[in-house]
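Here are a few friendly notes to read alongside the model. Please keep the structure open as you go through the points.

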There are 2 protein chains.
Amino acid sequence: MKNSKLVQHYYLGSGSIKNLEHLIFSKKNQDKDFVVFVIDHFFKNNLILSELPVNVNDLTLFADTTDEPRAEYIDDLVSIVKQKKQLPVAIIGIGGGSTLDIAKAISILLTNPGKAEEYQGWDLVKFSPVYKIGIPTIAGTGAEFTRTAVMTSKIKKLGINSDHSVYDQVIMDPDLLHTVPKDQFIYTAMDCFVHNVESLRGRQNDAMTIAFAQKSLEMMKDIFLGNMDLEKLMVASAMGGIAVANSNVGICHPLSYGLSLVLNLHHGYSICIAMNQLEEYYPEVQEFKEILRRNKIVLPKIINDDITDEMIDKMAEATLNNERPLENAFGPEWRSIFTKEKVIDLIRKM
Amino acid sequence: MKNSKLVQHYYLGSGSIKNLEHLIFSKKNQDKDFVVFVIDHFFKNNLILSELPVNVNDLTLFADTTDEPRAEYIDDLVSIVKQKKQLPVAIIGIGGGSTLDIAKAISILLTNPGKAEEYQGWDLVKFSPVYKIGIPTIAGTGAEFTRTAVMTSKIKKLGINSDHSVYDQVIMDPDLLHTVPKDQFIYTAMDCFVHNVESLRGRQNDAMTIAFAQKSLEMMKDIFLGNMDLEKLMVASAMGGIAVANSNVGICHPLSYGLSLVLNLHHGYSICIAMNQLEEYYPEVQEFKEILRRNKIVLPKIINDDITDEMIDKMAEATLNNERPLENAFGPEWRSIFTKEKVIDLIRKM
């Protein structure tokens, strides 16, 4: 039985990012104390974050999120922070899921020895991390409320799954969402939609995760088939994150990992490509398609003549490496149901 | 704008109380370390808790919950704990809302100077309390997830409202609910029902509290007008607690405080007596009445000939002392809407 961990503090609402200043202030006791900002490189020279309370001592790292976070990249960023002769009093992640996950990983690697890849897996982190604040600038990843710092190494996409990955403080300011390009906004929101479906249709849930996933899914439908409400969307993302963090994903995430690993696709996009073919497993795919239609999103066929059989084989292998989610979806006999042949068949349709 | 605090860890599920042992074990570093159990006196000599992991060094306080927690009673219990020459490593509250609130208050008073009544109010606690674990044995109060330790002194019913009142760890084990007598089970569950209605119909809510209150209310209806599910009920209680802790109560709680103060009634019961007369403000009272009917609960008329005008006047005054909830319900001009005459009129019907 799991001891579920929640984010301890959150601000929610328009303008709530202004609270960052006093949060940082309360952590700094001495002149030499500093914080590390980990900001999505998208915001370099972007005015929306120009009013951040950055002090001359602080360190700002613009996280390159062109690709999904790689373990070696985390190690590089940690080395930069370690050039300072003391630990920061806070790590502040500002961005999408990748940036939030990079900040989580840095907070852990600063107090735990070795390399990032050594912590890919479940509950491998030993020492308390640096205090961290998460500020999402896109809604849907749930990264602001989960215990996972997603990460890829050369051979696998597997996060640092640990209570130590959970943010101490989250600030959900819907004003920040205005920065997101339309397509990416939808792809990322659909990540939340999929979290809820996979959590609800899996076997590893309980009354709490079911309540969170049901409410989050209901809110997603209200928002995308009814009225857009950015604050509500941030809450749906948070609740979807809590649901999936305490249950598990299912069929769609493993397939998307295969796509992301081989074709270097961003998570939200590959989630949408995969979900689009899963109607036989998830009836909610109908609503998912309706949401895409209403938002004039047309998903291209990405498995075309340029994709070799070898690449597809690698995608299928990467998909089938995700034992826990697939057991959650199909039960202990999942290998006899979700065969490699079946997986390749699904991938070819994408 | 509020920095909302959540319980950091929770266990949920049948048999989850067994996790108490390793939680305590992880806190004890030295032989002389001890924990304080604060247990509802109802459980004295009750077998259901006979397997608690109590060590010879530990201190067990059976909390007398005949009346609502009084500030002086808290002080007495704190004195007993202080006879030990060191602080406990944990306070473990096991019981209903009163017991959980007493345990919260003790954890605070052990590290903050002065008497309990000095902390009645909002954000008056200065120092971090002793680590605490809350184990509800009845569902609905939400006390396991709120930032309030309800308390009465001679002149007022006003809790210790503080982030320091929030439990560090909660264990929600539905098996414990089998101990509750039927009537009390319903009265306490209705406390949660009312939390949700007051939160949703108030003005001080946001997208998060609305989502929690809506989901909790929906679950309460599922449970009491559909199928009883104790694990689900514990989740509904928790979510109602989070909702009300981060928004506010409305009309029903102030009225119930007046009843409790003058007639010494238990919270859940006085909540039901008050809610029963509030259909003009809350349409959900219809469903509330339907739930009582289905459970064969008939509320007596408690304002009878034995109740003097002076007592009713005192109840009305105690009701109108609750400025924050009443402003939440009616807006800043609440005094001109919810007049003393109106309050007395409502009370006379109860």
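**Notes on the model**

1. Pro113(B) is exposed, at a relative accessible area of 53% (exposed is over 50% relative accessible area, buried under 20%, and partly exposed in between, with a 1.4 Å probe and protein chains only). This is a predicted model, in which local features need pLDDT of at least 70, side-chain atom pairs count only at pLDDT 80 or more, and totals for chains, interfaces and linings use all residues. Residues are numbered from 1 along each chain as its sequence is written, chains are lettered from A and ligands numbered from 1 in the order in which they are written, and side-chain values use heavy atoms, leaving out hydrogens and water.

2. Where does Pro113(B) sit? Its place is the loop between helix H3 (97–109) and strand E6 (121–122) of chain B; helices (H or I, at least four residues) and strands (E, at least two) are DSSP runs numbered from the N terminus. Leaving aside residues up to four places away in sequence, Pro113(B) touches Glu118(B), Tyr119(B) and Phe127(B), where contact means heavy atoms within 4.5 Å. From Pro113(B) to Val125(B) it is 12 residues in sequence and 9.6 Å in space, C-alpha to C-alpha.

3. Now to the aromatic rings. Rings of Phe, Tyr and Trp (its six-membered ring) pair if their centres lie within 6.5 Å, and planes under 30 degrees apart count as stacked, over 60 as edge-to-face and the rest as tilted. The count over all chains is 15 aromatic pairs. Phe42(B) and Phe43(B) make an edge-to-face pair, 5.2 Å centre to centre with 85° between the planes. Phe42(B) is partly exposed at 43% relative accessibility, while Phe43(B) is buried at 4%.

4. The ring centres of Phe185(B) and Phe224(B) are 6.3 Å apart and the planes lie at 55°, so this pair is tilted. Phe185(B) belongs to helix H4 (residues 182–200) and Phe224(B) to helix H5 (residues 207–225) of chain B, so the pair ties together parts 39 residues apart in sequence. Both Phe185(B) and Phe224(B) are buried.

5. In chain A, Tyr281(A), Phe330(A) and Phe338(A) form one aromatic cluster.

6. Arg324(A) lies over the face of Trp122(A), 3.8 Å from the ring centre; a charge sits over a ring if NZ of Lys or CZ of Arg is within 6 Å of the ring centre and within 35 degrees of the ring normal. In chain B, the charged end of Arg324(B) sits over the ring of Trp122(B), 3.8 Å from its centre.
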